[in-house]
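Please go through it with the structure open.

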Amino acid sequence: MTTSDIGALIAAAGDHVRHDRTLPAEMYTSAEFFATESRWVFQKSWVPVCRVPDLLAAGAGYTPKVVCGVEVVVTVDEGQRIRVFLNVCRHRGMLLADRPQQGKKLVCGYHRWSYRLDGEPAGLPLVSREVDRARCRLHPVRHETWQGWLFVNLAGDARSLTDEISGLHEVVDDVGLPTMLTAASREFVSTWNWKVMWENYNEFYHHLGTHRDTLEPLLPAATASTLDNHGEAWSCTTVPCTEQYLSMQPLTDHRRTPDMALFSVFPLLCAGWQPGSAFWMEIIPEDVVRHKVVWHLLVPPERMDDPKLETEITRVMDGLGAIHDEDMKSCTLVQRGLSSALNTSGNLTELDKPISQMHRWLVGLLEHLSKDDPSCGGSGRQRSA
Ligand code: FES
Ligand SMILES: [Fe+2]
């Protein structure tokens, strides 16, 4: 696929979005389009890295993460200040940290350059005093925290995250997310495009088919309702939990409103809550048809010392794994359909509203960026401020 093909694909996607059609299949199958998506969508928007309460609970130290192919390291100093840097030594580029560790310094294993948790060089063994230390600071990565998640904007030029999702604040405000801790995590490998996973996660409509005998009787598709996002970078769909569903959930807090909600901060945060617990599905894109999914179960901090918690967590994670297995079968078949020759675009309905919202955001961002990028069929002219 040439760069002008990418430009044409984005133009076609704009037309599809305006006519409630699904995105062109090449956006799920083309390696070249995935490269564009990585550079523009993942790097220029806000993507989640990890949970802040987990970082703070671990104390001063650092945690390496790979975010959309970029190696970063998150540091927490003794005053609980969080910073994010590229996880690359400023000497000759070796990866600095390969595992989380407590302590006050990062030390490169190659020639022992070391860095403080604020990114300043701490020691450059045998290096002349003439060398400008300021040039040897770790490269900072822009970050913000929201509802307990640490987000980064790798390109560093996005609008503030809180502005991008202003309407979502009041929706999630009383859920207690900012202090919730990760109680368990489970990883799955996915051999389909990340958008197939996102789309599957964010609508309840597929309970009718994929989860016909499991979730549909408990959380019926017909009872779901999606909020208007007013064109912002988020979606949120709620469904009332049936009594039967609540009675089967070991972590249920019966004092809370019996609704389940799934929400997303576009493009990669997929999260949700139900009375007594919350969860997020971390999507780690690797290539056009491969990503990792890590399901994280979040619980309020006061539950962490509960002796029954471990048994309850095992039940929840086993249930979640069984549902995810059902989803994986559907996602495999969706990717196969999208990859089929002669496939044409499908039709989105009001039951696919979160997907329409995400597609509009995605295509809007691509159209905006492609206008200024001659490598993508754009004019290359700068917009006036
Ligand atoms: S590459 Fe890190 S000290 Fe040389
Ligand atoms: Fe599902």
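Arginine 112 sits in the loop that runs between strand E6 (105–107) and strand E7 (114–116). In this predicted model, arginine 112 has a positive phi of about 70 degrees although it is not a glycine. Arginine 112 counts as exposed, with a relative accessibility of 53%.

**Other backbone features**

- Glutamine 147 also has a positive phi, near 50 degrees, in a residue other than glycine.
- The loop between strand E9 (142–146) and strand E10 (149–153) holds glutamine 147.
- Glutamine 147 is buried because its relative accessible area is 11%, and buried means under 20%.
- Phenylalanine 266 and proline 267 are joined by a cis peptide bond, with omega at about 5 degrees.
- Proline 267 belongs to the loop between E14 and strand E15 (269–274).

- Histidine 211 is in the loop between helix H7 (194–202) and strand E12 (225–226), while aspartate 327 is in helix H9 (residues 309–339), so the pair ties together parts that are 116 residues apart in sequence.
- Histidine 211 is buried, at a relative accessible area of 1%.
- Aspartate 327 is buried as well, at a relative accessible area of 8%.

**Largest pocket**

- The largest pocket holds about 640 Å³ of space.
- Its lining counts 33 residues, of which Leu215, Tyr245, Gly319, Leu320 and Ile323 are the closest to the centre of the pocket.
- Two or more lining residues come from each of H7, helix H8 (243–248), strand E14 (259–265), E16, strand E17 (290–299) and H9.
- Which element gives the most to this lining? H9 does, with 8 residues.
- The lining of the largest pocket divides by class into 20 nonpolar, 10 polar and 3 charged residues.

**Cavities**

- Rolling a probe the size of a water molecule over the atoms shows where empty space is left.
- The model has 2 cavities of 30 Å³ or more.
- The largest cavity contains about 100 Å³ of space.
- Strand E1 (47–51), strand E2 (61–67) and strand E16 (277–287) are the elements that give two or more residues to the lining of the largest cavity.
- E16 gives the most to that lining, with 5 residues.
- Among the residues lining the largest cavity are Pro48, Val49, Lys65, Trp280, Glu282 and Pro285.
- By class, the lining of the largest cavity has 10 nonpolar and 2 charged residues, and no polar ones.
- Helix H1 (3–18) and helix H10 (353–371) each supply at least two residues of the lining of the second largest cavity, and H10 gives the most, with 3 residues.
- By class, this second lining has 2 nonpolar, 3 polar and 3 charged residues.

**A residue of helix H1**

- Aspartate 15 is part of helix H1.
- With a relative accessible area of 42%, aspartate 15 is partly exposed.
- Aspartate 15 and methionine 281 are separated by 266 residues in sequence and by 30 Å in space, C-alpha to C-alpha.

Technical notes: Residues are numbered from 1 along each chain as its sequence is written. Chains are lettered from A and ligands numbered from 1 in the order in which they are written. This is a predicted model: local features need pLDDT of at least 70, side-chain atom pairs count only at pLDDT 80 or more; totals for chains, interfaces and linings use all residues. Side-chain values use heavy atoms; hydrogens and water are left out. On a 1 Å grid over the protein atoms alone, a cavity is a set of points where a 1.4 Å probe fits but cannot get out, and a pocket is an open set with protein on both sides within 12 Å along at least five of seven lines; lining residues have an atom within 4 Å of a point. Grid points are joined across faces, edges and corners, and a volume is the space filled by probe spheres set on the points. Helices (H or I, at least four residues) and strands (E, at least two) are DSSP runs, numbered from the N terminus. Ala, Val, Leu, Ile, Met, Phe, Trp, Tyr, Cys and Pro count as nonpolar, Asp, Glu, Lys and Arg as charged, and the others, Gly among them, as polar. Buried means under 20% relative accessible area, exposed over 50%, partly exposed in between (1.4 Å probe, protein chains only).
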